[in-house]
Amino acid sequence: MSELSITLCGMKLPNPTILASGIVGISRASLTLAAQGGAGAVTIKSLSIEVRKGHPAPIILTYPGGMINSVGYSNPGIDNVGDEFSDLTSVGVPVIGSITGRNEDDYKILAEKAAALNFSALEVVLSCPHTPGYGTMAGLSTPEKTEAVTRLVKDRSRVPVFVKLSPNVMGLVDLAKAAEAAGADAITAVNTAGPGMIIDIVSRKPILGGKIGGISGRALRPIAVRCVYEIAQAVKIPIIGTGGVATGQDAIEMIMAGATAVGIGSGVYDRGITVFRQVCQEMQAFMDTENIKSLKEIRGAAHEV
Amino acid sequence: MKFELPITVRISQVIEEANGIKSFLLPCQLKAKPGQFCMIWLPGIDAKPVGISYQTKDHIGVTVCAVGPWSKKVCELKEGDLLGVLGPYGNAFQLEGKTVVLVGGGYGTASLMLLAEEALSQKLTATMIIGAKTEAQLLYRKRVATLGLGAIYTTDDGSFGERGTTADALARILKNQKVDSVYVCGPERMEKKVAELCRDSKVRSYISLERQMKCGFGVCGACSLDDSGKRVCVEGTIFPGEEVLQMKEFGQYHRDSSATKHHF
Ligand SMILES: Cc1cc2nc3c(=O)[nH]c(=O)nc-3n(C[C@H](O)[C@H](O)[C@H](O)COP(=O)(O)OP(=O)(O)OC[C@H]3O[C@@H](n4cnc5c(N)ncnc54)[C@H](O)[C@@H]3O)c2cc1C
Ligand SMILES: Cc1cc2nc3c(=O)[nH]c(=O)nc-3n(C[C@H](O)[C@H](O)[C@H](O)COP(=O)(O)O)c2cc1C
Ligand code: FES
């Protein structure tokens, strides 16, 4: 029988599937639902300093290429989640915190406050493509900013720090290297692509309340696989390959590109909250057929040696 | 494959249901089941969840109560104006037994109307209790009479029907006759009373919950319930009464669009 459990930055995960940030994950209970659906670890919806109501609806659409969203980082603010995220043992799997800021000062405060919560790791989001003032729209996707923010957070964190990158930048590899140099424990690749827009031709208006949105799911997968492949060649720290993973085959592909774990977001829509369990069963079936004993054997297998 | 994209259509009819409450008939086919809801998009403004209150071969209808910015704008719309429809979403009511009671409070009654029609077509003995604050806000009186549905009206001020709450009317029915199942949609305080009544009378109840919803199909997490994490838009909106009474937040609190908790 093949073995799916992994160790990621010292965390023991029963399997390599991780709930990506922003898909359910607004409360301890909703993280628990994903854990019951088979996730090996779960990521909370990103927290900012201020209370954010997010964009008007529709905030999420699906189309033949996958999904597009303009949620707008709705969250209650990091000051208001103490009772939600201080005791996380009931979730049953490691919980990864996620923070998103507008500048270095924000990240200092966020990292300090996150340290008071009980996350097993902390993900730093430098990469949302469609929220004004955040991520790539705040100019955070440069090697200098990546290094500075990573260092700030790392200095203030007791737990492993993951840096989440955007697929939209040229020189992604330089960002990954900058994060590694500044002490990041892992790279999450990738956030959504785009931004994109869908227009309703009857009302002649963009459909998303925020007009533009990040693209995830099917259309993102080959981009994400390429990003993971390139990053894997450039850094030694583990990669959480995220983007369009919805089947066990997709997950194996990510791991062969060099990922240690796989993030799943849009797949929750395609296959329901038990997508994690389904992906694991399919991975196991493939590994059994191919006589693969553990994921270590195939990690980065697509790279030439 | 189904995609979550609005079908934008022109309103074919506006029905004045009650004071500040209008129904909008929309030419689209959803094949919705009783109790399901859709997201109604006011192009360029916002989209909100609304119960499906009418359904024919080629139309659906929704009933909107003007309470806030979005619903007030919708209630200003006229025939020929555009609305987008996404859905249908959520689970459905399943009729159980031969004698059923439907309990609707405020616009919650909208989500029970397809079920009432279904109960009649299955020739069940169905009673509908419709409650509102005052006569001017009572929904569907004409429609209920045309359908030939046994109905009890309650108003808080006694201006029409019985003075009191839907729960008072239900308590009396449960005392006087055998009821197989009860279906409920309305304000949460009312739902709590009704669920408790049914539990105490050992009658099955099914409660449709309302929570902040932003997507309607299980991705954003806005409608997640404590402590199960169940999403009202996917695992609900309808839950068995016994389950609802066990929910930590039922009758206690709900979350707004930033996921901040508010007590009822
Ligand atoms: C599953 C589901 C089904 C729904 N079905 C319907 C439906 O069939 N018809 C319908 O009209 N709405 C329905 N709603 C509610 C609807 O989605 C909106 O919340 C509502 O229209 C108010 O939106 P708004 O932006 O206009 O006002 P908001 O800004 O959201 O609210 C404005 C103010 O009105 C208050 N308020 C909200 N609702 C009420 C109320 N019923 N009575 C008094 N005050 C209120 C709010 O607390 C707030 O202070 C449903 C909601 C859910 C989750
Ligand atoms: C509805 C939605 C909300 C998201 N919100 C966040 C967020 O708050 N923070 C974040 O870092 N990424 C967010 N993302 C990006 C996902 O975590 C993930 O990186 C991306 O969707 C690609 O994975 P997928 O194709 O499996 O969905 C969001 C994605 C979606 C679809
Ligand atoms: S409304 Fe988005 S998960 Fe229910």
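**A walk from a lysine to a ligand**

K230(B) is partly exposed, with a relative accessible area of 27% (buried means under 20%, exposed over 50%, partly exposed in between, using a 1.4 Å probe and protein chains only). Before we go on, note that this is a predicted model, where local features need pLDDT of at least 70, side-chain atom pairs count only at pLDDT 80 or more, and totals for chains, interfaces and linings use all residues. Residues are numbered from 1 along each chain as its sequence is written, chains are lettered from A and ligands numbered from 1 in the order in which they are written, and side-chain values use heavy atoms, leaving out hydrogens and water.

The side chain of K230(B) meets that of E243(B) in a salt bridge, 2.8 Å from N to O (a side-chain nitrogen of Lys or Arg within 4 Å of a carboxyl oxygen of Asp or Glu). E243(B) sits in helix α6 (residues 241-246) of chain B and K230(B) in the loop between β13 and β14 of that chain, so the pair ties together parts 13 residues apart in sequence. Helices (H or I, at least four residues) and strands (E, at least two) are DSSP runs, numbered from the N terminus. E243(B) is partly exposed as well, at 25%.

Let's move on to a linked group. D83(A), E84(A), D226(B), R255(B) and K261(B) form a network of salt bridges. R255(B) counts as buried at 4% relative accessibility, and D226(B) counts as buried at 2%.

K261(B) bridges to E84(A), with the closest N and O atoms 3.9 Å apart. This pair crosses between chains, from strand β16 (residues 261-263) of chain B to helix α2 (residues 82-85) of chain A. K261(B) is partly exposed at 28%, whereas E84(A) is buried at 7%.

Our last stop is ligand 1. An oxygen atom of ligand 1 is 2.9 Å from an N or O atom in the side chain of K48(B), and another contact puts a backbone N or O atom of C65(B) 2.8 Å from a ligand oxygen atom. The elements giving two or more residues to the shell are β5 (46-55), β6 (60-65) and α1 (69-74) of chain B. β5(B) gives the most, with four residues.

Technical notes. Polar contact = N/O pair within 3.5 Å; in protein donor to acceptor, adjacent residues only side chain to side chain.
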